[in-house]
Amino acid sequence: MSKYAIIVPSYNCASYVTDTLQSLLAQGEALKRCDFVVLTDDCSQDDTIEVAKAAWNGPIPLVVYSAEKNRGEYGNMNECVARLPDHIEWYLVMHADNMAKAGWLEALLDAADAADERVGTIFTSWDSLHEDGSITTGEYRQPPQIERIVGNDASVLGTIQRGCWWHISSCVSRVRMYREIGGLPLGFRLKGDWDFLMRLLEAGWDVEYIPTAFMLYRDNPAGSSSISFRAHKDIHEILTVLRRHQRVASAQQISAYHLTQLATLGRRLGGGVIRGNWTRAMKTFPTAAFVIGSWAACLSDRSSAGSTPSR
């Protein structure tokens with residue numbers, strides 16, 4: 001039995017999942033180094049499962065985990081990892097609306113085989129396919145030497161300042177790490193990856209990065225990310241994550257971060273007015289009030305705890 005499994009999370013992906021599975025089949029001999037592929041479906045209302053079963057003809061089994069009710073992307077992933085058999089030590093992720101590029105599987109499996117016990121996850125860069133057919137290319141660094149990010153407070157602070165540089169799709173992660181830090185956070189739709197990454201680094205797990213775009217990420221205008229962004233839910237989640245991990249930052253850094261979010265809302269207000277999108281424009285005002293309240297709450301937390309940032 002192999003210690004690797006591939007997870008394909010899905011929800012209403014009938015029009016995408018064939019391409020995703022075909023991209024896995026195209027990984028060639030590397031696919032035989034995995035034990036199985038699992039389609040973990042979050043109670044799709046279309047025929048995602050039937051389409052996936054019809055599309056799969058690989059050398060390893062396609063297993064289906066189907067939910068009786070929708071749990072959200074992160075709940076879906078958490079339940080799937082909890083159900084993995086004991087011999088599975090690493091899982092790879094390729095969402096059912098993305099596609100693996102040539103060499104994806106071999107690169108990640110080779111890196112995981114060589115990883116020491118402190119490496120919790122290894123991920124790659126990705127290209128983004130937009131609705132209009134254009135592609136924003138990811139990184140193709142030469143030589144493609146693996147970069148290591150050490151799990152410590154400095155990395156957590158850098159991740160707060162940079163935003164999420166890790167992608168749950170196009171990664172291979174250690175099952176033990178995932179379970180140890182409690183999996184992905186429920187209640188998030190956009191920034192759960194970011195919170196997960198910072199908890200991973202806080203726990204002392206290291207991250208490795210392969211600076212090559214091995215995945216094609218597809219924009220989905222009907223997806224929860226697009227819908228939430230239009231309602232400024234991203235800013236709500238950004239500041240919720242910040243408050244959870246603010247101990248590594250100074251009061252000045254926290255204040256500057258909130259001011260940045262207010263500036264973002266100002267630009268969105270102007271853009272909404274110019275485009276005549278009055279609903280989105282008006283939603284900037286309650287979101288701005290949330291930002292100010294978050295700012296005050298973060299400073300209050302620090303005052304109550306006598307917080308001093310780590311160096």
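The model is predicted: local features need pLDDT of at least 70, side-chain atom pairs count only at pLDDT 80 or more, and totals for chains, interfaces and linings use all residues. Residues are numbered from 1 along each chain as its sequence is written, and side-chain values use heavy atoms, with hydrogens and water left out.

**Helix α2**

- Helix α2 spans residues 48–55, and its buried residues are Thr48, Ile49, Ala52 and Ala55. (Buried means under 20% relative accessible area, exposed over 50%, partly exposed in between, with a 1.4 Å probe and protein chains only.)
- Seen down the axis of α2, these buried residues fall within an arc of 130°, so they line one face of the helix. (The arc is that of the directions from the helix axis to the C-beta atoms.)
- Glu50, Lys53 and Ala54 are exposed, on the face of α2 turned away from its buried side.
- The buried residues of α2 pack against β1 (4–10), α1 (17–25), β2 (36–41) and β3 (62–66). (Contact means heavy atoms within 4.5 Å.)
- Helices (H or I, at least four residues) and strands (E, at least two) are DSSP runs, numbered from the N terminus.

**Ser44**

- Ser44 sits in the loop between β2 and α2. Ser44 is buried, at 14% relative accessible area.
- Not counting residues up to four places away in sequence, Ser44 touches Ser10, Tyr11 and Asn12.
- A polar atom of the Ser44 side chain lies 2.7 Å from the backbone nitrogen of Asn12.
- The side chains of Ser44 and Asp41 make a polar contact of 2.6 Å. (A polar contact is a pair of N or O atoms within 3.5 Å; within protein, one must be able to donate a hydrogen and the other to accept it, and residues adjacent in sequence count only if both atoms are side-chain atoms.)

**Arg148**

- Arg148 lies in strand β8. Arg148 is partly exposed, at 33% relative accessibility.
- The Arg148 side chain makes polar contacts with the side chains of Asp116 (2.7 Å) and Asp206 (2.9 Å).
- Beyond four places in sequence, the contacts of Arg148 are Asp116, Arg118, Val119, Asp206, Val207 and Glu208.

**Gln261**

- Gln261 belongs to helix α10 (residues 251–275). Gln261 counts as buried, at 7% relative accessibility.
- Leaving aside neighbours within four places in sequence, Gln261 is in contact with Ile235, Ile238, Leu239 and Val291.

**Second largest pocket**

- The second largest pocket holds about 180 Å³ of space. (On a 1 Å grid over the protein atoms alone, a cavity is a set of points where a 1.4 Å probe fits but cannot get out, and a pocket is an open set with protein on both sides within 12 Å along at least five of seven lines; lining residues have an atom within 4 Å of a point. Grid points are joined across faces, edges and corners, and a volume is the space filled by probe spheres set on the points.)
- Its lining includes Phe123, Trp126, Glu139, Arg162 and Tyr209.
- β6 (119–129) and β8 (147–149) each supply at least two lining residues. β6 gives the most, with 4 residues.

**Largest cavity**

- The structure holds 1 cavity of 30 Å³ or more.
- Thr40, Tyr65, Ser66, Ala67, Arg71, Glu79, Cys80 and Arg83 line the largest cavity.
- β3 and α3 (73–83) are the elements that give two or more residues to this lining. The largest share, 3 residues, comes from α3.
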